[in-house]
Structure formats: structure tokens, C-alpha cells
Amino acid sequence: MKRILTYQIYPSIPKSLAFLEVLSRNLWWCWKQDAITLFRRVEPQLWIESRGNPIYLLSHVSQARLEELAEDDSFLAHMQRVKDRYEKRVTDNVEPYNSLCEEMGPVAYFSMEFGVNENIPIFAGGLGVLAGDYLKAASNMALPLVGVGLLYRKGYLLQYLDQEGLQQEEYPEIEFYYLPLERARDTKGNEITISITGPKGEIHAFVWRVRLGRTPLFLLDTNLPENTPEAREITARLYVAEPKIRLAQEMLLGIGGMRALAAMNLFPSVCHMNEGHSAFSAMERLALFMERYHIDLKTALQIVPRCTVFTTHTPVAAGHDSFSIDLVKPWIRPLKDRLGAGEEEILSWGQTKGFNKDEPFSMSILGIRMSQHLNGVSRLHGSTARKMWAHLWPGRPEDEIPISHVTNGIHVSTFISQEIWPLFERYLGPEWYMSSRRPENIDRIDEIYDDELWRAHEMSRSRLIRTCRGLLKKQYERRNAPKSVIDKIEAVLNPEVLTIAFARRFAAYKRAHLLLQDPERLAAILNNESRPVQIIFAGKAHPQDKEGKAIIKRLIEFVRRPEIRQHAVFIEGYDMALARSLVQGADVWLSTPRRPFEACGTSGMKAATNGVLNVSIFDGWWCEGYSEERGWRIGSGEEYVDSAYQDATESQALYNMLENSVIPCFYEEHEGELPKRWIQMMKASMKMAMKDFCSLRMVGEYEQRFYNPIVHRLKALLNKNGLEARNLALQQERLQNLWKDICIGLPVQTRKGPFRVGDSFEVTVEIDLGKLNPEEVDVELYNGHMKAVDALEGISTIPMTVIEHFGNGNYRYGCQVPCRLSGRYGFTARAMPAGDGYLKFLPRLITWS
């Protein structure tokens, strides 16, 4: 059957309940506890069966129940309360958070995956959930921002384990009927379909819209009858291993995403790439700028990087996508004429040192080349990223590589437990979820009575145990386990016992196996009669990750031991719903990555917001969040060459910490049966996460550091038909042609030491600038403590000015060096381009004496 015509039958919603249908189609409900409770009230059992999907709920609830609710004053009053908040936060006209950004065009946020809610399973892990949180925070802040991604009809993998504990995968089709999708439309109201040119012809895609409060998310879908079977597979699954499909996905995301925005008459002022998958958006954007403003490629190349943000999340080189040149060539040929560039020039943008037919085309290098504003996602990761990508700026000191950091944050109201939510409303106020923008409100967490907070957390833990038992029962029923085994599940885990959670993607560097380095010692910890402990494991390995799957199998073998099975479990099918239960109900959140490979680690932030205490390697965000009154750190930030030695050392440190610090603190004697010290740590952890690691802080930082300056810069670059951009293009060409002629002599002290604190001395250096003028070059003295014979640290730079002109491009520069602190110092001189932050850091334009 090649063509099937479809139709839908919707329930007949009584007029007084019409808002329920409106609410179900805007994902604003999924981060508002009052709205979630409203849907649960419609039919509690059906809500559970729907896995928290309001569209499914309203499609299956009986007409009699709807009529009953239409006359229920209590329900209608509850609905009106939710409706009032919805209209205030979503539909009311408010002054945009950034009016200049709206005037110039929105921020376009591109991501390969978006994790908004488990009912739209188009995400694999932390990168996607971070992207979903970003859009939610933008909605809260009324920031003019749109999300751009792909709609995978089979999502990511659905995990299950076989009898031996080996991970297996399924890819069931998502029922779009039960998702809050609507076709995106142009300004005339027509449904939008876009196309891109692939190696075998045109590839067409629908554009869908998902509403997240005020923020729209646009998703592209190639599952159209007019496409070839191969083209329809492009948006079938997330993170396929086949390079041809993976490249097609990234072309569709970048080029197709920009075309979708253009079809809706949206011309973004800022493009923000969440990792390198969408880097081809820059190529399409170059062409759009050229066509819209009638400029050439060289001028467009001065504009696009200056209004693009690139955020890298991957501290492992192998995690960055790259493709063979032969695979990429057919895709870029259609761009050659639009860009007015040769094939080799375009390909060189994704390579290290210009075109090389033997070097793969790197998506991350393309993203970096096309972005002035580059950042990692934690302070430590910023440093790791500078080290990883230093080769793109040869001659630059590592600490001057132009990659900064913006530490990730989490959307607090998405992950806060239903038990703690009312405490926050009572003590922090009805709009507590905006409190991170009013830091003084955070201190009110201290006003929550200890017994209220502890009872709320105990209820969360009990709910987690019930959830785990229910999921375990389904796991064993699917494997046709005997009734005697299934009956014993009711005795698995104890709601009164210290509960540790380890849940994340099962990549090898996450080291889920660290706890199993000494299984007998771990078994003794779990089976301690006076201070028992229990552990819940969950997480998926990538289908191609044999090492990750082997770690899962090893864990399964351990938790199936007769003396362990009541105290440790592995829950298969890890998803966002289970993740919420874990970060809300556990007592300890365990994280054991191999430093420095954890870029950030937002799950620990989600746990901390709920008062769950972190026990973590000193890596990622924990380097910024840790203090002894909030949790525990394993090690002090050591990095090892020998992985086996590292695992042995840090596993022993973990066992010692659990036995001597964490477990005694949880069970220590206390007045009134409350663990006072533990509760104080819970409050300190909650305050820290709310204040420093929420998505409102994160998005606000991007807005202040990047978006606002970009919008002002874009306005200036486009003024007078792009006059400044044209001049910058000429200047860059001049610098690149003439820089090779610069020659710097050795700097000279005009006065010999030794010196005393408070002294100063002059340094001069002779420089041949060739045909360049002093106004085009910044000359600096590079000064610092001697670290080694040929290395400095604690660097300061001192601008040098012309003090003598010898003619023929030869100059003497000089500066005064102040002696502020005692020590052994060294210096040298260097020259760099004068200009803004983009021109100044052009690769290979730096010369040292």
C-alpha cells in the first residue's frame, strides 16, 4: 500500500474543559506541578498507563468522565488556577526580554537532540536534556529564541536485557498522533516543506512545530512519500552508526534547519550551535547573507562568525564527528555556485591546515572556524577544550586559545520532586522557579523546617522504591520469570535504607565498574546489618559500544548474586521519567568519571536541587560546586597516566569514603530521630544548585556575554550596506598576505637587575613590519614567572608602543615593566593583528621574537 489517507477522531471535550486540550498541546505543562496534578486528576490510573501523556489521556478518557469533570467545581477551580498562570507566562503579551534581539531577529538554537519530556523520545542523554532545559529557560525569560532539530520517528534505542544480562535494543515507531506536534506554517498560513540537495537528488522534509511555553521548537522530518526509501531513513533514528546517514542528518539539521527558518521569514541574529552536528548551518547562513544583503563571500565571512556561538560538550577527540572527503564532496557541490567558492576552499573550512584530500572533514572544526564565540560547559572543560583544539591556533599559548566556558545549568522546575514543590511554594513564594534571578530568596531554603524537608524526602525515596519494584516486575515478566521470582520483587530494596543511585550513559569513561573493583568489600557494605546500604543502577550503552555493554553485563552478574539481589538492582529502559525519580528519591548521587572526561555532568545538579548529596570524582561541574558542607569528593583532581592504577586507587578512596564518612553521617545519632547534619547538607546543596547551577543563570550568561554583544555588532556590521564588514574583509586579506614579512628581534632591557619591589625598567624591541602599519599590529611584552627554561606561567601582557621609526617598515617599540612581586621572571615580545576579538585571533597570525 503506497498511499494511505489518514483521519483522526478526537474526544468531544465539553466547552468548560476546552483549556485542557490547549494545555495538552503546549509542553509548558510538563514543568508545572499544578498542571501535572490537574491531568492526573482527570483519570489517575489512565494517567499512569499513558506514562504521563495528556494527549493520550484525553484521547482515551471516557465521555462520561469528561461530562462529570465539567460539573466538578473543585476540578474547574483547579483548572482555572492553572489557566491563569498559563496565560500570564505563555499567552499574555509581554515586553521581550531582549527587545533589540527581537528587532534584529531571534536566536536560533541548533541541536541534534532535544530532551524536553520522555513522551518525545528524540534524545539520547545529557546533551539533549540540556537543550530541552535551554528552551524552557528561554520561555521563562521571554527570550526571543527558537530551537531547531530533527524529528526521529524511531527515536533513540529502547533498551532491554537478555537472560545473560547483555543489552539488546529495539526501535519502535513513535505514535505521532499522541505528540503535541503541529505543522509549521509560513506567513500566509501554508504548511512548510523544505528541501536540500543530496548526492542522489532532492530530499524533502516536513517542518513540525512543538510549543514549549513561549518558545517554539522546529523539527524536520524526511518520512515523506515523495522521498526515496533511503531519504526517508534520514530521520528514522538518532545517532546511527552508518556515516552516510549520519552525514545526511547533519546536512539536514544545518542547511535544512536554516531553510526552514527562512521559509517562516525568520532570519536569526544569532545562531547557537549546540555541538558540531549543525555546523553546516553556517554555510547556508553565508549564502543567505550574500543573497539578502547583496554582499560577496569574503564580506559574509566577516559577519557569520561574529554572530555565531559554538558550544562544545565533548572532551574526547573521538566523540567529534568527522567524515571522509569523498563522502562530503557530493553534498557541498550545490553550495559552490551560491557561495562563489571552490570545492577545495569549502572543504578546507573543516580541516586543520587548509585542504588535504587525506584528512577527514571535521564538523567541530567547521563549527569552530565559523564561530567567534566558543565555549566549553564547565570551568575544567573550558581548559580541556583549549588543550584539545590548541592545534587550530599554532603559536598561541594554551591559556589564550579563544575558548571560554559557560557552566551548564538545569531547569529546576522540571526536576524538582512533587514532595518538595509545595515546600518551595510555601517558603520561597509562588514563583520560586524564578528565584535564581533573585539570590536573596535562596536563603529562604534555610527556613524550611527540618522535619518537613526530611519527611518530604522520605516520601520521595519511598516513591522511588515503588517505581523500581514496578519496573523490575515488568522486566521479569517480559523474560517469563516464574511467579516465585516475581513475588520476591516486593522485598527488593527498603524505603528506610540509605539509597545510592548511579544512572547515566554507560560509556567506559563514566566508570560504572569502579564500585566493582572489590566486589566482596562492596557486598559487605551493602549487607551491613546496623547500617545497610542499597544501590540502584540504570543507564544505556550506545548500540556500537561493546565495552559499555560489557560493563552492564558485569553489573548484572553482581546484582544477581543471592546475597546482593535485595540490596542492588539494575533498572533497564533508562529514560527521563526514571531519571526524575532517581534524582528526586535517592540519598546519594554517585559519579565516578575518569577525570577530565566529564565535560559537566548535569545529573548531579538535578540531584542536588532535591537535596540529594553528591559523591563524585573531582571533575566537571563538581569542581565548581563542591564544598565539604554540600557533599563529598573522591580525590583532589589528580589525573593519571595508568588507568588501572587510577581505578585501583580511586575505588579504594570511594570505599573508604562510604564506610568512614557518608554512611556514618546518614545513620549518626540525632535528636528527634532526624539526621541533623545530613539535613543541613541537603539544604546547603539545594541552595548551591538553585543559585549557581540553574538554567536561568546559564541562559542569562549566554545572553549577556554573547547574544547581546552579537546583536549590537551585527547591527554595526550591516550598517551602510555592510561597509564595516567589507573593510574587515579587505583588512583580513591584507594581514594574511603580508604577515609573513613581520620579523621581531630580541627584546632588550635598558637597565640590568637585580630589581626591588617597586622598581620598574624599560624594555625595547626592534620590529620589521614589512608593508603593514603600526596601527594594524599590536605588539606586546609577554611577561611571567619562570616555570622552566623555555616556559612561563602567571602571564601578564604589557602593550608596547612605537618609540622610534627607522623607515622601510622598521620600528623600535618600548614599554615599562613594573616590579610588583618578588620572584624570578622572564619575558619575550610578540606581534598580533590589531582589531576585534575575531581578527585578533585569526590562526597563524602571531609572531614571536
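Me: What makes lysine 553 count as partly exposed?
Reply: In this predicted model, lysine 553 has a relative accessibility of 24%. Partly exposed covers the values between the buried limit, under 20%, and the exposed limit, over 50%. Lysine 553 at 24% is therefore partly exposed.

Me: Why is the contact between glutamate 557 and lysine 553 called a salt bridge?
Reply: The closest N and O atoms of the two are 2.6 Å apart. Side chains of opposite charge can pair when their charged atoms come close.

Me: Where do glutamate 557 and lysine 553 lie?
Reply: Both belong to helix H22 (residues 546–559), four residues apart, about one turn of the helix. Glutamate 557 has a relative accessible area of 44%, so this residue is partly exposed.

Me: How do you know that glutamate 431 and lysine 88 form a salt bridge?
Reply: Their closest N and O atoms are 3.0 Å apart. A salt bridge needs these atoms within 4 Å, so the pair counts.

Me: Why is this pair said to tie together parts of the chain?
Reply: Glutamate 431 is in the loop between helix H18 (421–427) and helix H19 (450–478), while lysine 88 is in helix H6 (residues 73–91), so the pair ties together parts that are 343 residues apart in sequence.

Me: Are glutamate 431 and lysine 88 buried, exposed or partly exposed, and what makes them so?
Reply: Glutamate 431 has 22% relative accessibility and is therefore partly exposed. Lysine 88, at 48%, counts as partly exposed too, because exposed requires over 50%.

Me: What makes arginine 333 and glutamate 343 a salt bridge?
Reply: The closest N and O atoms are 3.2 Å apart, and the limit is 4 Å, so the pair qualifies. Arginine 333 lies in helix H13 (residues 325–339) and glutamate 343 in helix H14 (residues 343–348), so parts that are ten residues apart in sequence are tied together.

Me: How many salt bridges does the structure hold, and which residues are linked in a network?
Reply: The structure holds 54 salt bridges. Arg259, Glu284, Glu291 and Arg338 are linked in a network of them.

Me: How many aromatic pairs are found in the whole structure?
Reply: A search of the whole structure gives 39 aromatic pairs. In one of them, tyrosine 134 and tyrosine 702 have ring centres 5.6 Å apart and planes at 65°. Centres must lie within 6.5 Å, and planes over 60 degrees apart count as edge-to-face, so this pair is edge-to-face. Tyrosine 134 is in helix H8 (residues 126–140) and tyrosine 702 in helix H28 (residues 695–738), 568 residues apart, and the pair links these distant parts of the chain.

Me: What makes tyrosine 134 and tyrosine 702 buried?
Reply: Tyrosine 134 has a relative accessible area of 1% and tyrosine 702 has 2% relative accessibility.

Key. Residues are numbered from 1 along each chain as its sequence is written. This is a predicted model: local features need pLDDT of at least 70, side-chain atom pairs count only at pLDDT 80 or more; totals for chains, interfaces and linings use all residues. Side-chain values use heavy atoms; hydrogens and water are left out. A salt bridge is a side-chain nitrogen of Lys or Arg within 4 Å of a carboxyl oxygen of Asp or Glu. Helices (H or I, at least four residues) and strands (E, at least two) are DSSP runs, numbered from the N terminus. Buried means under 20% relative accessible area, exposed over 50%, partly exposed in between (1.4 Å probe, protein chains only). Rings of Phe, Tyr and Trp (its six-membered ring) pair if their centres lie within 6.5 Å; planes under 30 degrees apart count as stacked, over 60 as edge-to-face and the rest as tilted.
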